[in-house]
Amino acid sequence: MRRKSRSISPRHYKSRSPSARRHKSRSPTPKRYKRQRSTSSSLSPTHKSSSPNLGSIDCKNACEELKKEEEERKRRQQEAKLKLIEEETAKRVEEAILKKVEERLNSDEIKQEIQKRLEEGRRRLNDEVAIQLEKEKETALLEARQKEEQARKEKEELEKMLEENRKRVEEAQRREALEQQRREEERYRELEELQRQKEEAMKRKKQQEEEERLNQMKLLGKNKLRPKLSFALGSK
């Protein structure tokens, strides 16, 4: 990059020096002067006396124009030279900075610093991961405890519901058993009453039969006594 840079040398502009232009610019002046003299030969003497002044004015104007052009050329040349110097300086500064940075990066101190920062970053990342994992673990434990508490409440509610159902069933069964027992006792009392009535009926029937038998025996006894009596009367 340094070898390719070129600076503009003033020798490239030798062909456009003010003396050469001045020499060239003066050549038309005699011709113009001659032409003026030839054309003004027929004029009055007053016009003849003014023609040298016009030639000198034209020459002065041409010289000033050449001077301005030369100054403009020098100014542009100087600007181009400064621009090249500025670009070259910037390139050299950039190269120096890059070289300095490269040397700095390749130094053991920078390598150790980079390794140190990498280890710190790795350690920091591990710490952040550990903290994040701990947070997630705490969140999971909290959710597990909440789920466990919810399951316990649901289990308690279910057990309470089952206990209430069991009590209702037991109460229904107890009432049914009592009702069944009442019905059975009532049926038993009815059977006892029927049995008592039956026994009383049998007893009355038996008693009635006994009375009838006794009556019949009495009647039979009377009947047996009557023939004996009649026979006894007949024997007398």
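Begin by selecting arginine 182 and glutamate 186, which both belong to helix 4 and stand four residues apart, about one turn of the helix. This is a predicted model, and the distances quoted on this tour are computed from it. Display the two side chains: arginine 182 forms a salt bridge with glutamate 186, and the closest N and O atoms are 3.2 Å apart. Are these residues buried, partly exposed or exposed? Arginine 182 counts as partly exposed, at 40% relative accessibility, and glutamate 186 is partly exposed as well, with a relative accessible area of 32%.

Now extend the selection to Glu176, Glu179 and Arg183. Together with Arg182 and Glu186, these residues are linked in a network of salt bridges.

**Another pair in helix 4**

Select glutamate 149 and arginine 152. Both lie in helix 4, three residues apart, which is about one turn of the helix. Glutamate 149 is partly exposed at 32% relative accessibility, and arginine 152 is partly exposed with a relative accessible area of 36%.

**A pair in helix 3**

How far apart along helix 3 are glutamate 72 and arginine 76? They are four residues apart, so about one helical turn separates them. Glutamate 72 counts as partly exposed because its relative accessibility is 28%, which falls between the limits of 20% and 50%. Arginine 76 is exposed because its relative accessible area, 54%, is over 50%. In the model as a whole, the count comes to 21 salt bridges.

**The annotated stretch**

Select residues 59-88. An unreviewed UniProt entry lists these residues as "coiled-coil region".

**A nonpolar patch**

Switch to a surface view and select Val93, Ile97, Val101, Leu105, Ile114 and Leu118. These residues form a nonpolar patch on the surface, with about 500 Å² of accessible area together. The elements giving two or more residues to the patch are helix 3 (45-105) and helix 4 (108-235). Helix 3 gives the most, with four residues. Select leucine 105 by itself: its place is in helix 3, and it is partly exposed, with a relative accessible area of 46%.

**The whole chain**

Clear the selection and colour by secondary structure. Which pattern does the chain follow along the sequence? The pattern is α-α-α-α, as the chain has four helices and zero strands. Buried residues make up 4% of the 236 residues. The accessible surface of the chain comes to about 21,700 Å², of which 54% belongs to carbon and sulfur atoms. Among contacts between residues at least 6 apart in sequence, 73% join residues at least 24 apart.

**Confidence**

Finally, colour by pLDDT. The mean for the chain is 77, and 71% of the residues reach 70 or more. Select residues 1-50, where pLDDT stays under 50. For this stretch the model has 38 contacts beyond four places in sequence. Where pLDDT is low, the predicted coordinates should not be read in detail.

Methods. Residues numbered from 1 in each chain as written. Predicted model: local features only at pLDDT ≥ 70, side-chain atom pairs only at ≥ 80, totals over all residues. Heavy atoms only, no water. UniProt positions renumbered as here; feature names shortened; annotations may be inferred. Patch = residues over 30% accessible without salt bridge, like charges linked within 9 Å, V, L, I, M, F, W, Y side chains within 5 Å. Areas by Shrake-Rupley, 256 points an atom, 1.4 Å probe, with all protein chains shown as cover. Salt bridge = Lys/Arg side-chain N within 4 Å of Asp/Glu carboxyl O. Buried < 20%, exposed > 50% of the residue type's maximum accessible area, 1.4 Å probe, protein only. Contact = heavy atoms within 4.5 Å. pLDDT = per-residue confidence, 0-100.
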